[in-house]
Amino acid sequence: QLQLVESGGGLVQPGGSLRLSCAASGFTLADYAIGWFRQAPGKEREGVSCISNIDGSTKYADSAKGRFTISRNNAKNTVYLQMMSLKPEDTAVYYCAAIHFTRVGWGLCTMRQYDYWGQGTQVTVSS
């Protein structure tokens, strides 16, 4: 089965760090662009950071720039989101998603186009 599984979420103090992982199975992640999205209670899901499989180009939401880093390890079939200087407003369920590189059209972090989604991992930033 094609599957994405997020891990690494949890409770962290403001200013702390977390490293989220997105492990793919059933397909080769090297052929896919990957996005991290998040959804806070009562809010719409939003793009956080996305990475191309072609040239390694990345996109970040303004709220994530300078604090979050997306990376991929194709040998491990895994994508990471390193989050630093976490703020309470970062609290959300974080999802990874994948789209085959040939189908990326509307912008790297256009949520609607992504085909495969994980179940999400909860990140809570609180003192």
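Entry 1, Asp62 and Lys65. I looked up the accessibility of this pair in the predicted model and found that Asp62 is exposed and that Lys65 is exposed as well, where exposed stands for over 50% relative accessible area, buried for under 20%, and partly exposed for what lies in between (1.4 Å probe, protein chains only). The two residues form a salt bridge, with 3.2 Å between the closest N and O atoms; I use that term for a side-chain nitrogen of Lys or Arg within 4 Å of a carboxyl oxygen of Asp or Glu.

Arg38 pairs with Glu46, their closest N and O atoms being 2.9 Å apart; Arg38 is buried at a relative accessible area of 6%, whereas Glu46 is partly exposed at 32%. I also recorded that Arg38, Glu46, Arg67 and Asp90 are linked in a network of salt bridges.

I then turned to Asp115 and Arg103, whose side chains meet in a salt bridge at 2.5 Å, N to O. Both residues lie in the loop between strand E9 (92-100) and strand E10 (116-117), so the pair ties together parts that are twelve residues apart in sequence; strands (E, at least two residues) are DSSP runs, numbered from the N terminus. Asp115 is partly exposed at 38% relative accessibility, and Arg103 is partly exposed at 48%.

Which side chain of opposite charge is nearest to Glu6? I found Arg45, 7.7 Å away, and Glu6 is buried yet has no salt bridge; for charge, Lys and Arg count as positive and Asp and Glu as negative, with His and the chain ends not counted. Glu6 sits in strand E1 (residues 3-7). A polar atom of the Glu6 side chain lies 2.8 Å from the backbone nitrogen of Cys96, and the backbone nitrogen of Gly120 likewise lies 2.8 Å from a polar atom of that side chain. Leaving aside residues up to four places away in sequence, I listed what Glu6 touches, including Trp36, Tyr94, Tyr95 and Gln119, contact being heavy atoms within 4.5 Å.

Note on methods
Residues are numbered from 1 along each chain as its sequence is written. This is a predicted model: local features need pLDDT of at least 70, side-chain atom pairs count only at pLDDT 80 or more; totals for chains, interfaces and linings use all residues. Side-chain values use heavy atoms; hydrogens and water are left out. Helices (H or I, at least four residues) and strands (E, at least two) are DSSP runs, numbered from the N terminus. A polar contact is a pair of N or O atoms within 3.5 Å; within protein, one must be able to donate a hydrogen and the other to accept it, and residues adjacent in sequence count only if both atoms are side-chain atoms.
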